[in-house]
Amino acid sequence: MVSFEMNDRKKIGLGLTGFGIFFSFLGVIFLFDKGLLAMGNILFLSGVMLTIGLKSTMQFFMKRQNYKGTISFGVGFFLVLIGWPIMGMILEAYGFIVLFSGFWPTLAVFLQRIPILGWIFQQPFVTSFMDRYRGRRVPV
């Protein structure tokens with residue numbers, strides 16, 4: 001049974017995930033700083049593992065339909081760690097898009113319900129763009 005309560009482990013995981021995204025953003029802003037990008041990757045992955053659990057994380061990354069995304073993300077992660085941040089981030093971005101493209105419909109609904117920004121995402125031209133890609137996986 002899946003538990004949707006926010007225990008301390010999940011709160012820490014969400015915090016680590018947020019810090020991972022923040023450090024990755026800073027790494028890109030500071031011209032692909034290797035240290036910040038590596039720290040962001042490590043924090044992001046550890047945060048995801050704490051938030052949804054190790055077993056669920058492994059099941060998500062090891063799904064047959066997610067192999068290309070997992071391999072791309074992993075190779076990009078490795079390239080960032082060994083000092084090739086630009087190529088690593090390109091591969092990571094591709095892997096991230098492939099891995100999380102199934103969450104697009106949920107993200108689209110969430111963006112439309114944000115109090116102030118939701119108005120922008122409810123405009124006809126934005127809605128038609130989101131409906132065009134809703135429910136589709138990125139071709140791999």
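**Helix H6 and its setting**

Guide: Start with helix H6, residues 104-112. Its buried residues are Ala-108, Leu-111 and Gln-112. Viewed down the axis of H6, these buried residues fall within an arc of 100°, so they line one face of the helix. Turn to the other side of H6: Thr-106 and Phe-110 are exposed there. Keep in mind that this is a predicted model.

Now the wider chain. The secondary structure consists of eight helices and zero strands. From the N terminus on, the elements read α-α-α-α-α-α-α-α. Of the 140 residues, 31% count as buried. The C-alpha trace spans about 45 × 35 × 35 Å along its principal axes.

The chain is divided into two parts: domain 1 covers 8-101, and domain 2 covers 102-139. Taken over C-alpha atoms, the centres of domain 1 and domain 2 are separated by 23 Å.

Next, a helix pair. Helix H1 takes in residues 8-29 and helix H2 residues 34-52. H1 and H2 pack at an angle of about 160°, and their axes lie 7 Å apart. An angle over 145 degrees counts as roughly antiparallel, so H1 is roughly antiparallel to H2. The crossing of H1 and H2 is left-handed. As for the residues of this contact, 16 are nonpolar, 10 are polar and two are charged.

Key
Residues are numbered from 1 along each chain as its sequence is written. This is a predicted model: local features need pLDDT of at least 70, side-chain atom pairs count only at pLDDT 80 or more; totals for chains, interfaces and linings use all residues. Side-chain values use heavy atoms; hydrogens and water are left out. Buried means under 20% relative accessible area, exposed over 50%, partly exposed in between (1.4 Å probe, protein chains only). Helices (H or I, at least four residues) and strands (E, at least two) are DSSP runs, numbered from the N terminus. The arc is that of the directions from the helix axis to the C-beta atoms. Axes are lines fitted to C-alpha atoms, for helices over the stretch in contact, and angles run from 0 to 180 degrees between N-to-C directions. Angles under 35 degrees count as roughly parallel, over 145 as roughly antiparallel, 65 to 115 as roughly perpendicular and the rest as oblique. A crossing is left-handed if the near helix is turned anticlockwise from the far one by less than a right angle, and right-handed if clockwise. Ala, Val, Leu, Ile, Met, Phe, Trp, Tyr, Cys and Pro count as nonpolar, Asp, Glu, Lys and Arg as charged, and the others, Gly among them, as polar. Domain bounds come from an automatic or database domain assignment.
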